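Visitor: I have a few quick questions about this chain. Can we go through it piece by piece?
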Amino acid sequence: MPLASSLEQSRVYYYLISSAALVMALMLSASWQWLLAGAPRQPARMRLFMHDVLTGPGATAVAVVNGTGPKVLGGEPPLRFGTVVVIDDVLTEEASPESTPLGRAQGFYVFASMHGPALLFCMNVVLTAGPYSGSTFTVVGHDNITAPLRELSVVGGTGRFRMATGYVLWRTASWEVRDNAVLDLDVFLYVHAHA
Ligand SMILES: *[C@@H]1O[C@H](CO)[C@@H](O)[C@H](O)[C@H]1NC(C)=O
Ligand SMILES: *[C@@H]1O[C@H](CO)[C@@H](O)[C@H](O)[C@H]1NC(C)=O
């Protein structure tokens, strides 16, 4: 066989073998990802009503810092950028505070926008009743309190929600300006298959 043609032939073999290897590697990595991801999952759903009570003997939210930045909400005295409120709010099954308690929302929010009443929200949802009693999950996010619908992130959890991710569709059910609010939380939780 002439040298040139045998070189040509070995080049063809080389390409065949290397592309077969590539295809196999791709197939393996795809099935590995499939194993890791598990079957498509349905989120766990939960509806919670959160009672943010700032006034009266039953207050569960306390402003611990009066902001010194720009005014973000009117009234006397005005609410300012930088205000921090610490909460241990009751969570119930329905909008009424007398409905079945499901747990507490423990954390804080900061007026974190210079241009309006938008909060950085950071809280643990500690469930004490219902099918997920004893488990917790952590919510962090941007909450523009004047927007009709907000979306906050679930960034982790414990117990049944270990390594969970997800989101909360967040609405104001009722609100007396600068006073007490009831928040309507529609929670979507994706639990890690191997947690
Ligand atoms: C914030 O200001 C209000 C109204 O002036 C006052 O009642 C409250 O004690 C202040 N809170 C803090 C933490 O300084
Ligand atoms: C908050 O939402 C309102 C209404 O959707 C919008 O007009 C405003 O620009 C938003 N503000 C911030 C600080 O995100």
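Visitor: Of the contacts between residues at least 6 apart in sequence, what share join residues at least 24 apart?
Guide: This is a predicted model. In it, 43% of those contacts join residues at least 24 apart.

Visitor: And what percentage of the residues in the chain are buried?
Guide: Of the 195 residues in the chain, 23% are buried.

Visitor: How many helices and strands are there?
Guide: The chain has one helix and 11 strands.

Visitor: Take β11. How does β1 run against it, parallel or antiparallel?
Guide: Antiparallel. Strand β1 covers residues 44–52 and β11 covers residues 181–190, with nine bridges between them.

Visitor: Which residue in β11 is the bridge partner of F49?
Guide: F49 is partnered with D184.

Visitor: What about β10 and β11, how many bridges there?
Guide: There are 10, and that pairing is antiparallel as well. Strand β10 spans residues 165–175. Within this part, G166 sits opposite L189 of β11.

Visitor: Changing topic. Which residues surround ligand 2?
Guide: S113, H115, G116, A118, N144, T146 and A147 surround ligand 2.

Visitor: How many of that shell are nonpolar, polar or charged?
Guide: Five residues around ligand 2 are polar and two are nonpolar, while none is charged.

Definitions and conventions. Residues are numbered from 1 along each chain as its sequence is written. Chains are lettered from A and ligands numbered from 1 in the order in which they are written. This is a predicted model: local features need pLDDT of at least 70, side-chain atom pairs count only at pLDDT 80 or more; totals for chains, interfaces and linings use all residues. A residue is near a molecule or strand if its C-beta atom, placed from the backbone, lies within 6 Å of it. Ala, Val, Leu, Ile, Met, Phe, Trp, Tyr, Cys and Pro count as nonpolar, Asp, Glu, Lys and Arg as charged, and the others, Gly among them, as polar. Two strands pair if DSSP finds at least two bridges between them. Helices (H or I, at least four residues) and strands (E, at least two) are DSSP runs, numbered from the N terminus. A residue is buried if 20 or more other C-beta atoms lie within 10 Å of its own, exposed if 12 or fewer, and partly exposed in between; C-beta atoms are placed from the backbone. Two residues are in contact if their C-beta atoms, placed from the backbone, lie within 7 Å.
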